[in-house]
Amino acid sequence: MPVITAAELLQQLRSAPPILIDVRSPDEFLYESIPAARSCPLDQLAVWTRELRPDAAICVVCQQGVRSAAAAEQLRALGFQRVVSLAGGIEAFRRASGTTVRQRRVLPLQRQVFLTIGSLLVLSTGLAQWVHAGFAWLGGAIGVGLLVAGATGYCGLAHVLSRMPWNRVRPGCQGDEGSSCCSAPRSSCC
């Protein structure tokens, strides 16, 4: 799979910029993205490709380069030949002094889930150790929740956190459930 380094991409953005497609989730995109990038989550990529010309120069971006490599392979299989993946993802782009923008200051939902689970496990361990051994059930319940999430793909905690006021995206913002994948204009209203 052809890749492009962050330094090479920065050079191309000055002269002949490719179409930048960010395949991370909408909340990751809103947390930090490359200014010219379009948000198109990996699971929606095949639908959105109808908006692209087969001869377009495309650079696929994600957080660290894993999802973008998969997306580039998917685009190549769909007939797009001028596709590259950004090696190291947006993290490498930032390290190479590339400018990124943040439309929202809220952590991506996955990181919120990790922080919540970690906090609850520390709390349950402390309570079981210093207050009453019966609090150990909380750690067990968290384990069951993780097993269910892994087996079914549904995370109840992520669902609850996504409904919290700090995670709500105002209508019209990119990443809103009602907007189309890559056609919604970038907005600073979130």
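Predicted model: local features only at pLDDT ≥ 70, side-chain atom pairs only at ≥ 80, totals over all residues.
Local features are taken from residues with pLDDT of at least 70 and side-chain atom pairs only at pLDDT 80 or more, whereas totals for chains, interfaces and linings use all residues. Residues are numbered from 1 along each chain as its sequence is written, and side-chain values use heavy atoms, with hydrogens and water left out.

The protein chain contains eight helices and five strands, where helices (H or I, at least four residues) and strands (E, at least two) are DSSP runs numbered from the N terminus. Read from the N terminus, the order of elements is β-α-β-α-β-α-β-α-β-α-α-α-α. Of the 190 residues in the protein chain, 35% are buried. Buried denotes under 20% relative accessible area, exposed over 50%, and partly exposed the range in between, with a 1.4 Å probe and protein chains only. Among contacts (heavy atoms within 4.5 Å) with a separation of 6 or more, 69% come from residues 24 or more positions apart.

Helix H4 comprises the twelve residues 66-77. From first to last C-alpha, H4 spans 17 Å, close to the 16 Å expected at 1.5 Å a residue; the expected span is 1.5 Å times one less than the number of residues. Ser 68, Ala 71, Ala 72 and Leu 75 are the buried residues of H4. They lie on the same side of H4 because the arc that they cover around the axis is only 105 degrees, the arc being that of the directions from the helix axis to the C-beta atoms. The cover over these buried residues includes strands E2 (19-22), E4 (58-61) and E5 (83-86), together with helix H3 (45-48). On the face turned away from the buried side, H4 carries the exposed residues Val 66 and Ala 77. Just after H4, Gly 79 adopts a positive phi of about 105 degrees.

Four salt bridges are present in the structure, each defined by a side-chain nitrogen of Lys or Arg within 4 Å of a carboxyl oxygen of Asp or Glu. One of them joins Arg 67 to Glu 28, with an N to O distance of 2.9 Å. Arg 67 belongs to helix H4 and Glu 28 to helix H2 (residues 26-31), so this pair ties together parts that are 39 residues apart in sequence. Arg 67 is partly exposed at 29% relative accessibility, while Glu 28 is buried at 12%.

Another salt bridge links Glu 32 and Arg 94 at 2.8 Å, N to O. Because Glu 32 lies in the loop between H2 and strand E3 (38-39) and Arg 94 in helix H5 (residues 89-95), the pair ties together parts that are 62 residues apart in sequence. Glu 32 is buried, at 4% relative accessible area, and Arg 94 is partly exposed, at 36%. In the salt bridge between Asp 22 and Arg 24, the closest N and O atoms are 2.7 Å apart. Asp 22 is buried with a relative accessible area of 0%, and Arg 24 is buried at 1%.

Arg 102 lies over the face of Tyr 31, at 4.4 Å from the ring centre; the criterion is NZ of Lys or CZ of Arg within 6 Å of the ring centre and within 35 degrees of the ring normal. Ser 97, a residue other than glycine, has a positive phi near 70 degrees. Ser 97 is placed in the loop between H5 and helix H6 (109-130) and is exposed, with a relative accessible area of 65%.
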